[in-house]
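Student: I have a structure open and would like to learn how to read it. Can we take one feature at a time?

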Amino acid sequence: MYSANEGDGSISEITLSTGDVRTAQIVVLPHNVQISPDGKTLLAVGTSAAKTGGHGAHGGEGKAANDGNADSHSGSGASLLILNASNVEQVLQTLPSGSHPAHVVTSPDGSRAYITNSDSDRVSVVDINQKKIIAEIPTGSFPHGLRLSPDGQEIYVANVTDNTVSIIDTQSLKEAERVSVGKAPVQVAFTPDGKHVYVSLRDEDSVAIIDTSTRKVVKNVSVGRNPIQLYAAAGGSKMYVANQGSDSNPDDTVSVIDTKSQSVINTVVTGKGAHGVVASTDGGFIFITNTKDNTVSAIDTSTQDVVATYPVGPNPNGITYRSIR
């Protein structure tokens, strides 16, 4: 497990079999990390650690961002780092990312990275082998979280300040459609069958559900305060939603949505400022970054109980899981 610690420009590596945590400094303030499909490399995006502010201090996720005024770093010091997943201190490549990178996902074969750039309303497409940006795809205003569909054909992107989700065709590298969803969408999550996309609506304390066949919102589900990231466990029967709350009054809960009934069936208490969410490959555990407690919580999906809490670096945001079996 790897957490992106934006507070001090570090990544914490958690070995789940032993509970050991090792934290390494990197050259950017990472807002998001993503394991490569082969598990050999770790992708991290952020602005230079020599700068101040970081993404979370002014970006789409904090309540202070409601006015949509995003601080740009003018492109200097922003990078996509390709790190050795077995030794995150080893930088294998430093690639262009666009001026204000927020989240990154990869193509199924790992040859491309798709990066949201919030200040320029673009998704940057990086060819990792060619070491360059090969496309800039216009989106809605302040694109933030994004996820690839299970079949790899589409990317859904949450546009925080215009209340929409952009749907990008990965073949044409163009926006195919833009869907109105509700106030301040921050992140999206596909169900494993690809039939629905859940969208966190930070300023409505709810989640919108999009039917991917019609590209329309079919339901809204009330959750905790200021939901940020969300993720489905393997099997697809449950969606986990991290409720961060505000800076002055952080929330510490995760809402569990049954994807069949499309309703909340449980609420799990984790840590203050619950933010990032990822599942283990087998779906047995969900992991949550707690931005105000500087911890990661592990939820057993069979009992919905927190079974472990790991100390990590300051202000952990993004999180990713690596299976080494």
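Tutor: Start with burial. Buried means under 20% relative accessible area, exposed means over 50%, and partly exposed lies in between (1.4 Å probe, protein chains only). S200 has 0% relative accessibility, so S200 counts as buried.

Student: What kind of model is this?

Tutor: This is a predicted model: local features need pLDDT of at least 70, side-chain atom pairs count only at pLDDT 80 or more, and totals for chains, interfaces and linings use all residues. Residues are numbered from 1 along each chain as its sequence is written, and side-chain values use heavy atoms, with hydrogens and water left out.

Student: In which strand is S200 found?

Tutor: Helices (H or I, at least four residues) and strands (E, at least two) are DSSP runs, numbered from the N terminus. S200 is found in strand β17, residues 196-201.

Student: Which backbone oxygen does the side chain of S200 reach?

Tutor: A polar contact is a pair of N or O atoms within 3.5 Å; within protein, one must be able to donate a hydrogen and the other to accept it, and residues adjacent in sequence count only if both atoms are side-chain atoms. Here the S200 side chain reaches the backbone oxygen of I228 at 2.6 Å.

Student: Is S263 buried, partly exposed or exposed?

Tutor: S263 is partly exposed, because its relative accessible area is 27%. S263 sits in strand β23, residues 263-269. Its side chain makes a polar contact with the side chain of S261, at 2.7 Å.

Student: What does S263 touch beyond its neighbours within four places in sequence?

Tutor: Contact means heavy atoms within 4.5 Å. Leaving those neighbours aside, S263 is in contact with V221, V256, I257 and D258. Compare S222: S263 and S222 are 41 residues apart in sequence and 8.3 Å apart in space, C-alpha to C-alpha.

Student: How many residues has the largest nonpolar core?

Tutor: A nonpolar core is a set of buried Ala, Val, Leu, Ile, Met, Phe, Trp, Tyr and Cys residues joined through side-chain atoms within 4.5 Å. In soluble globular proteins, nonpolar side chains tend to be buried together. The largest core here has 14 residues; Y2, I11 and V33 are among those with the most contacts inside it. Strand β4 gives the most to this core, with three residues. Apart from it lies another core, of 13 residues, including A158 and F190.
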